[in-house]
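Reader: I would like to go through this model with you, taking the strands and then the aromatic rings. Could you begin with the term we need for the strands?

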Amino acid sequence: MTDIAKLIENTIRADVRAVGSYHVPDSIGYVKLDSMENPYQLPEELRAELGTRLAEAALNRYPVPSYRTLKDRICSKLGVPEGYDVLLGNGSDELITILATTIARQEREAGSKRAVVMAPVPAFVMFSRSAQFAGADFVGVPIKSDFSLDLPAMLAAIAEHKPSLLFLAYPNNPTGNLYDADDMVAIIEAVGEHGIVVVDEAYQPFARVSFMERLPQHPNLVVMRTLSKLGLAGIRLGYMSAAAPLLAEFEKVRPPYNVNVLTQVAAEFALDHLDVLDRQAGLLNEERTRLAAALAALPGVEVFPSAANFISLRVPDAERACAILHGEKVLIKNLSKMHKLLANCIRVTVSTPEENDQFLAALKTSL
């Protein structure tokens with residue numbers, strides 16, 4: 001009989017064997033404040049209409065491969081510059097994988113070295129994981145203690161490593177802040193024709209600022225977004241825009257039919273009612289202000305500025321705080337192990353007033 005341990009040793013890459021899978025905790029029975037989801041559903045009458053639309057979807061057929069009707073809605077309603085198109089993905093996670101795979105040049109290619117993917121850190125973990133699994137090297141450049149970009153360090157790293165792909169999250173996850181736009185432009189220009197700069201705008205509905213309109217000014221710029229934070233996390237749809245020649249290269253790596261027909265129907269319907277989702281984002285921004293002020297008034301708590309639908313904060317003992325919150329059936333994210341800059345930091349999703357108050361009450365008992 002085949003020895004399964006030997007089989008794994010002989011077939012699975014050593015670097016894959018050495019890491020754990022992406023862990024998502026069980027949230028059944030908990031107030032779920034760890035994943036930056038919109039807590040509001042569509043109004044009842046819209047849910048009923050959406051149900052009818054979904055029932056009429058042709059589940060026996062593959063999706064129309066061009067996704068033209070959905071792309072047109074995204075371009076017209078979400079600020080994509082005239083003459084630019086989008087590429088769709090199963091969430092922005094798939095888009096990150098497509099980007100990393102497309103640029104993952106190997107040493108065996110004539111006159112080249114392994115491609116480098118770069119990002120300021122701490123950052124979204126999928127930037128480094130996707131680089132690793134694609135066969136590229138990841139270089140993280142630490143941000144400053146106030147969570148702003150260390151521009152001289154970034155420029156020095158760009159000159160040394162010449163990254164093929166560089167991610168800038170705007171706002172950044174897990175810190176929540178917006179990087180200085182002039183610093184970001186300097187980075188885009190420094191990378192130049194040697195690499196692609198991806199501005200990840202997952203939280204744009206809350207930040208209300210964007211690099212999308214700058215696409216025509218920077219041929220090496222990609223702007224990537226997701227509909228997850230806007231209120232559609234369950235349908236898993238991301239999109240990115242860039243100059244047409246770049247999109248054509250990424251399209252070669254995109255799996256066929258990667259967005260299912262139910263996602264397409266739901267997304268088109270939701271975009272026809274974008275005003276509802278925008279109002280929900282406005283409510284969450286109001287709650288973000290209220291929650292941040294309440295947290296700042298607590299003893300020993302340091303609250304960091306946020307332009308996203310979450311707040312990061314430093315508490316006296318993050319492990320204790322998370323354990324007590326867990327015991328109170330409130331899920332948040334302990335950031336302490338991500339990076340030394342995040343020592344004793346936790347992250348909480350901004351939710352409804354009731355869930356935010358439940359979090360506040362539980363957190364007070366831990367201080």
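Author: The model is a predicted one, and the term needed is "buried", which stands for a relative accessible area under 20%.

Reader: With that cut-off, which residues of strand S3 are buried on one side and which on the other?

Author: In a regular strand the side chains alternate between the two faces of the sheet. Six of the six residues of S3 (residues 116-121) are buried, so the strand is largely enclosed by the rest of the structure. Both faces are covered, with Val-116, Met-118 and Pro-120 on one side, and on the other Val-117, Ala-119 and Val-121.

Reader: Which residue of S4 stands opposite Val-121?

Author: S3 pairs with S4 in the parallel sense, over six bridges, and the two strands make a right-handed β-α-β unit together with helix H6 (residues 125-134). Within S4, the residue that stands opposite Val-121 is Pro-142.

Reader: Which residue of S5 stands opposite Val-117?

Author: S3 is also joined to strand S5 (residues 165-169), by two bridges, and these strands run parallel. The residue of S5 opposite Val-117 is Leu-165.

Reader: Turning to the open sheet of four strands, which are its edge strands?

Author: The order in this sheet is S9-S10-S13-S12, with antiparallel pairing. An edge strand here pairs on one side only, and that holds for S9 and strand S12 (333-334).

Reader: What angle does the direction of helix H13 make with that of S10?

Author: Helix H13 (residues 274-296) packs on the sheet, where it touches S9, S10 and strand S13 (345-349). The direction of H13 and that of S10 make an angle of about 10 degrees.

Reader: How many aromatic pairs are there, and how far apart in the chain are Phe-147 and Phe-304?

Author: Ring centres must lie within 6.5 Å for a pair to count, and by this rule there are six aromatic pairs. Phe-147 and Phe-304 form a tilted one, at 4.6 Å centre to centre and with 50 degrees between the planes. Phe-147 is in the loop between strand S4 (137-142) and helix H7 (151-161), and Phe-304 in the loop between strand S9 (302-303) and strand S10 (310-314), which places them 157 residues apart.

How values were computed: Residues are numbered from 1 along each chain as its sequence is written. This is a predicted model: local features need pLDDT of at least 70, side-chain atom pairs count only at pLDDT 80 or more; totals for chains, interfaces and linings use all residues. Side-chain values use heavy atoms; hydrogens and water are left out. Rings of Phe, Tyr and Trp (its six-membered ring) pair if their centres lie within 6.5 Å; planes under 30 degrees apart count as stacked, over 60 as edge-to-face and the rest as tilted. Two strands pair if DSSP finds at least two bridges between them. Contact means heavy atoms within 4.5 Å. Axes are lines fitted to C-alpha atoms, for helices over the stretch in contact, and angles run from 0 to 180 degrees between N-to-C directions. Buried means under 20% relative accessible area, exposed over 50%, partly exposed in between (1.4 Å probe, protein chains only). A crossover is right-handed if, with the strands pointing away from the viewer, the path from the first strand over the helix to the second runs clockwise.
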